[in-house]
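Open the model in your viewer and keep the sequence panel beside it. The stops below can be followed in order, one selection at a time.

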Amino acid sequence: LVPALVAVVSSDSGEARVKALGTLWNLSLRHENIDYLVCCHGMSVVLAALQLSPKGSDSFKTSLTVLMVSGRILSAARDLFVAGGVEIISPLLDGGGVDGIKAAIILSFLLGKEESRGTQLSLLESKPQLTDLLESIFNNTVNGLGGDGYEFGNFDLVVIVAAIASMAVSDNNKAILSQRPTILLCLFQVLSLFLDDSPPIPYRGTGNSYGVGGGGQDIESAESAIESLQLLSFVYENDSDLRQHYKEIGVDVLFSMKRIMTHPKLSNNAKQGAQYLRNRLEEKTVPLPTVETAIPSVVEHKKHLMLSYAWGCKKELVISLQEKLTSFGVEVWRDETGSSLLSKMQGATDDIMAKAIELSHTVVVCVSPHYKASANCRQEGKYTNAMYKKGQLNIIYVMMDGDYHKSVDGWLGLMLGDSLWYALWDAQQVIQTASDIAAAVTANHTAKDDSLRPAVGSPVTLVQPSGHSSPATDPHYPHYDDAWIILTDPSKASDPEGLMTLFSKLGLSKASELVDCDEEIWNDLASYLKPIPKRALLRILARKNPEK
């Protein structure tokens, strides 16, 4: 059906196009239908129809509505962005009215997640009036006051809540949204309508026969509302400030979160978000409980590697990475499979996530726009980073998008900093990246515990990627793992970027390759280090290989 409708939109310019667009609008209210629209290049076709239609015509208005409703799904937003959607939609903002509002919501899906950088402002900073308009539309929609008699007519609830969730990813936007009590009250009202199994909010006057949305069957709006509330809560680092903020608004957040955590229709991600808020409001430390009290039988030195990733970004590559690491002898925990130390994600998901991190010697963070945009990934990442700063685990970053490393910003950019990362945006990179991670894990193990270091000539029992010679098992090669740890720790470098460039120039990617470095290369490598790490590196060199 969808390809047939797209064909009509592409070839017809009359009433048939308007009817086809109207049907696409209705279909797009169910997010799974948008996948079909993306598969047949529907976003670019509808965008072209918008350009070809006279402003104010039914074809123009309905095209804009389809782009707005569909744009809430990331794959559709990406296609729209690539097709030049920002350049085509942006001028409509200045026209105001309903078209201006719809254009603003579309741009929230395309640009709403972006932070301020230099002279560039976030979406709500650059368009201050947009917050007022969103607040008005949200309030009228959730209270059934849209339609006839309201200047902006009817809007679909799921679109408005999704737009707020998208914008709340940006720290700059969330600071603005969190100070709007009406927006917060409307988010809680969406949850109340869902939890009370209310009927959908009706349209007033002409419009979509399915209703505005909301109520007990609107799972998508409810989950977007939970995500929005979790993201907005990050404005308050102090839990007592968050509790005071909700108290001033006058809503019983704690009761709602408890109901959400046991609701059979909601996803684990939504329940995890609710549990996060509940823990903060109940004055409990997040995450809970500690490993010592939760798993007393675990041997202290026995740990696993954890894969921290967003489901929406190349999940199949993460699964392949897990399989390859496991074949190399690495104990891996992933949310869907668990490990020998801990079960998969189930039940009290917040507790399981905390335990998974606390039982990790290494957490592999899969960096992507999806990861940054996810409230749960942010919670996971920040707790991982806190554990790393305490020296309780190591973090390895893999990049899931070939271009994203140039623009990682916000909380994730702060966490990543100048750290080295491995590539994992293509299936061909899985084996090499898994080998490099396995080697890094071995290096960290051997550096921290000499009892784990294999004897010269003995088989390696920790991790040994196939196809790589091992300095640890060959008596003719000195063991350079401790030198490798210094060279790959960004905090030891005076110029991390310059050191990375030199690594690339030399083709240096693992510890065993250091054996081929002559005195000139060693001095070049050392020149990028801070004074103390530089001395440590040269001392290791002298001890391992005195003739160099």
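Select arginine 259, which lies in helix 16. This is a predicted model. With a relative accessible area of 28%, arginine 259 is partly exposed, because that value falls between the 20% limit for buried and the 50% limit for exposed. Which residues does arginine 259 contact, leaving aside its neighbours within four places in sequence? They are Leu195 and Asp196. Draw a line from the C-alpha of arginine 259 to that of leucine 195: the distance is 7.5 Å, although the two are 64 residues apart in sequence.

Next, select residues 181-195, which form helix 13. Colour the buried residues of helix 13: Ile183, Leu184, Cys186, Leu187, Phe188, Val190, Leu191, Leu193, Phe194 and Leu195. To see what covers them, show helix 10 (128-142), helix 11 (157-167), helix 12 (171-177), helix 14 (219-233), helix 15 (239-249) and helix 16 (253-261), which are included in that cover. Then step just past the end of helix 13 to aspartate 197, where phi is positive, at about 55°.

Now turn to the nonpolar interior. In soluble globular proteins, nonpolar side chains tend to be buried together. Here the largest nonpolar core has 94 residues, and Ile89 and Phe138 have the most contacts inside it. Helix 13 gives the most to this core, with 10 residues. Apart from this core lies another, of 29 residues; Met353, Ala356, Ile357 and Val363 are among them.

Centre the view on isoleucine 89. Beyond its neighbours within four places in sequence, isoleucine 89 is in contact with Leu47, Leu50, Leu64, Leu67, Ala103, Ile106 and Leu107.

For the last stop, show helix 8 (residues 97-111) together with helix 11. At what angle do these two helices pack? The angle is about 40°, and the axes are 8 Å apart. That makes helix 8 oblique to helix 11, because an angle under 35 degrees would be needed to count as roughly parallel and one of 65 to 115 as roughly perpendicular. Helix 8 passes helix 11 in a left-handed crossing. To display the contact itself, select Ile105, Ser108 and Phe109 on the helix 8 side, and Val159, Ala162, Ala163, Ser166 and Met167 on the helix 11 side.

Conventions. Residues are numbered from 1 along each chain as its sequence is written. This is a predicted model: local features need pLDDT of at least 70, side-chain atom pairs count only at pLDDT 80 or more; totals for chains, interfaces and linings use all residues. Side-chain values use heavy atoms; hydrogens and water are left out. Helices (H or I, at least four residues) and strands (E, at least two) are DSSP runs, numbered from the N terminus. The expected span of a helix is 1.5 Å times one less than its number of residues. Buried means under 20% relative accessible area, exposed over 50%, partly exposed in between (1.4 Å probe, protein chains only). Contact means heavy atoms within 4.5 Å. A nonpolar core is a set of buried Ala, Val, Leu, Ile, Met, Phe, Trp, Tyr and Cys residues joined through side-chain atoms within 4.5 Å. Axes are lines fitted to C-alpha atoms, for helices over the stretch in contact, and angles run from 0 to 180 degrees between N-to-C directions. Angles under 35 degrees count as roughly parallel, over 145 as roughly antiparallel, 65 to 115 as roughly perpendicular and the rest as oblique. A crossing is left-handed if the near helix is turned anticlockwise from the far one by less than a right angle, and right-handed if clockwise.
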